Amino acid sequence: MAALPRRIIKETQRLMQEPVPGISAVPDDTNARYFHVIVTGPEDSPFEGGLFKLELFLPEDYPMSAPKVRFITKIYHPNIDRLGRICLDILKDKWSPALQIRTVLLSIQALLSAPNPDDPLANDVAELWKVNESEAIRNAKEWTRRYAMDN
Amino acid sequence: MKGALNSIFIYSLQHIDKLLQCGICYEYMNTSVITSCSHNYCSLCIRKYLHYKTQCPTCFEETFEKDLRKNNLLDEIIIHYLNFKDKSEKKFYQKEILTVENRNFENVHSPNNFECKKKQNVPDTNEILDKNLESPMSMASNTTPRGQKNDQQNISTPSTSTELRIPSMFTPKRKGFQNEENELVECPVCKVDVPQNNINKHLDDCLKRENTKVQPKKCEPKRKPLPKLVLSLMKDNIIRKKLKEFGLLTQGDRKTLETRLQRYIILYNAECDKINPRSISELIKQCEEEENLERKIQKPSNVNIL
C-alpha cells in the first residue's frame, strides 16, 4: 500500500483526466496497482459494439517489467486464449519502461482491430482464421454478442 | 497579443518541463546520465533497468552500464529550471497555467515534485546564474495582465531596476559598449580584447575566476564504481562475504542475499555519478529501508494475477 511510486500516481491521474477514447481504466479501491479496464470493440471489427472487461496489474518492479493484463470477458480472437491471456510482444520481450499503461491499452485495442493469426495463442481460433476467415469472423461476432453485450 | 505570447511562453515551458523528466520514473532527472544513443535518464533508474535488459528504453539500442556518462550540464539546467519555477510558480505559473490547456501538465503543480530537489545534494545556487534567470522572469511579468504586475515584482530579487544586469564574468564581451577611443589589449588569461583602462580590473576578475574554477575539482573525492558481479555464479558464502565487506546484513535466503547485494551495487554506482556522493552509511541505510518496505508490500499485492 505504502510508497506507491510517483510514476504510477501520475499515470493514474492522467488516465482519469484524459481517458483514451474507447478505453476506461479505473484503479481498484483497495489496491492502486490493480486496474479495472473496459475496452470497447473497435469500429469495423467483429468486436464492434462489445464492451470487454480486462484486469491490469502493475507488478512490484513496474516500470522495469511490463504490466500484467488479461481479458475477463470471453473473446474469440487468435491472439487471446481461453483464460484471457494476451499474446502481445510489448507485454513480453518488447516491453520497455518508455511504454506505459496508456500505450499498452492502445495496443490491445489495436490488436482487436488487427488479429494476427500467424502468431497465435488460441490455436484453434487462429487455424480457422487462416482457413476460413469469414467463418472465424462470424464466430467472433457471435461471441461478442453473447459475452460482451448488455451484461 | 499578450495572451498569445503568454500561451507560447507557457507551452514552451511545458515542453521543457517534460524534457527534463526521466522517462523511467517520470520525475525530474536526479543525477542524469546520457547513453551512447543520446538519451538521458536518472543514473539510478537506468542502472536498475540495465539489469533487466541491456538496451536503451527509448530506442532499444544495446546499452551497457559502462556506456553511461554523467551529464552535469543537464543536472545544472534542472536545478536552475526548478529554481525558476519555484520562484515564479506562486504568482505567475499557477494562475495562468490552469487556464491554458491542461494537457500533460498535472504533474507540474503537485508540490511533491520539488522533493527531488531535496534529494539531490544541491550545492548553493550560483549567484551569477541566478541573476541571469531573471531575464525570463521579467519577460513573464511583461506579459501578465496589468493588475498582476506589482505582485510580480515582489517575487524577483529586491533590486528594483528592470535592466538586465550582466554579471562580471561577461564583461570581456561588452567591448562594444566601451569607449571606442580606448585601445584594446588582449587579456593574458582569457585571451579576450579589453580596453586598456579596464584591463587591470578585468585581470583581477579573470584571475579570481580561474582560482574558483580549479578549486572544486581538487577537493572532489573520486569514488570508483564497483565492478559488476555475476551473482548466479557466486556461492552463498562468497555473497555473504561480499555483503559483509560492504557493511550489509548477511541474513536471509539466497534470493534475499542476491537482491540485497545487487541493490547496493546499483545504488553505489549511481551515487558515483553525483558531484557530492552521500556517505556509505547513508547508502546502506537506504538499502535497508527499501528492503523492509518491499517485504511489507509483497504480502498483500501478490494476490491478484497469476
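## Cysteines in chain B

Cys22(B) is buried, with a relative accessible area of 2%. This is a predicted model. In the whole structure, a search over all chains turns up zero disulfides. Cys22(B) is in no disulfide. Its nearest cysteine sulfur belongs to Cys25(B), 3.9 Å away.

A disulfide needs the two sulfur atoms within 2.5 Å. Cys37(B) counts as buried, at 16% relative accessibility.

## The annotated span of chain B

UniProt, in an unreviewed entry, gives residues 22–59 of chain B the annotation "domain: RING-type". How far apart are the end C-alpha atoms of this span? They lie 14 Å apart. The span is 21% helix and 16% strand.

Ser43(B) sits in helix H2 of chain B, which covers residues 43–50. Is Ser43(B) buried or exposed? It counts as buried, because its relative accessibility is 1% and the cut-off for buried is under 20%.

The side chain of Ser43(B) makes a polar contact with the side chain of Arg47(B), at 3.0 Å. Ser43(B) has other contacts too. Setting aside neighbours within four places in sequence, Ser43(B) is in contact with Asn30(B), Thr31(B) and Val33(B), and also with Ala270(B) and Asp273(B).

## The sheet of chain A

Now turn to chain A. Here four strands form an open sheet, in the order S1-S2-S3-S4. The pairing is antiparallel. Which strands are at the edges? They are S1 (23–27) and S4 of chain A, and each pairs on one side only. On average, neighbouring strands of this sheet are turned by 20° against each other, direction ignored.

Look at one strand pair in detail. Strand S3 of chain A, residues 51–57, pairs with S4(A) in the antiparallel sense over four bridges. Leu54(A) has Phe71(A), in S4(A), as its bridge partner.

## Helices on the sheet

Helix H1 of chain A, residues 6–17, packs on the sheet. H1 touches S1 and strand S2 (34–40) of chain A. The direction of H1 makes about 135° with that of S1(A).

H2(A) packs on the sheet as well. Which strands does H2(A) touch? It touches S1, S2, S3 and S4 of chain A. The direction of H2(A) makes about 35° with that of S2(A).

## Cys87(A), a listed site

UniProt, in an unreviewed entry, lists Cys87(A) under "active site". Where is Cys87(A) found? It is in the loop between strand S4 (68–71) and helix H2 (101–113) of chain A.

Which residues are in contact with Cys87(A), leaving aside its neighbours within four places in sequence? They are Asn79(A), Leu111(A), Asp119(A) and Leu121(A).

## Lys130(A) in helix H3

Lys130(A) belongs to helix H3 of chain A, residues 123–131. Beyond its neighbours within four places in sequence, Lys130(A) is in contact with Pro117(A) and Asp118(A).

Lys130(A) and Asn116(A) are 14 residues apart along the chain. Their C-alpha atoms are separated by 9.6 Å.

Note on methods
Residues are numbered from 1 along each chain as its sequence is written. Chains are lettered from A and ligands numbered from 1 in the order in which they are written. This is a predicted model: local features need pLDDT of at least 70, side-chain atom pairs count only at pLDDT 80 or more; totals for chains, interfaces and linings use all residues. Side-chain values use heavy atoms; hydrogens and water are left out. UniProt positions are given in the numbering used here, feature names are shortened, and annotations may be inferred rather than shown by experiment. Helices (H or I, at least four residues) and strands (E, at least two) are DSSP runs, numbered from the N terminus. Contact means heavy atoms within 4.5 Å. Two strands pair if DSSP finds at least two bridges between them. Axes are lines fitted to C-alpha atoms, for helices over the stretch in contact, and angles run from 0 to 180 degrees between N-to-C directions. Buried means under 20% relative accessible area, exposed over 50%, partly exposed in between (1.4 Å probe, protein chains only). A polar contact is a pair of N or O atoms within 3.5 Å; within protein, one must be able to donate a hydrogen and the other to accept it, and residues adjacent in sequence count only if both atoms are side-chain atoms.
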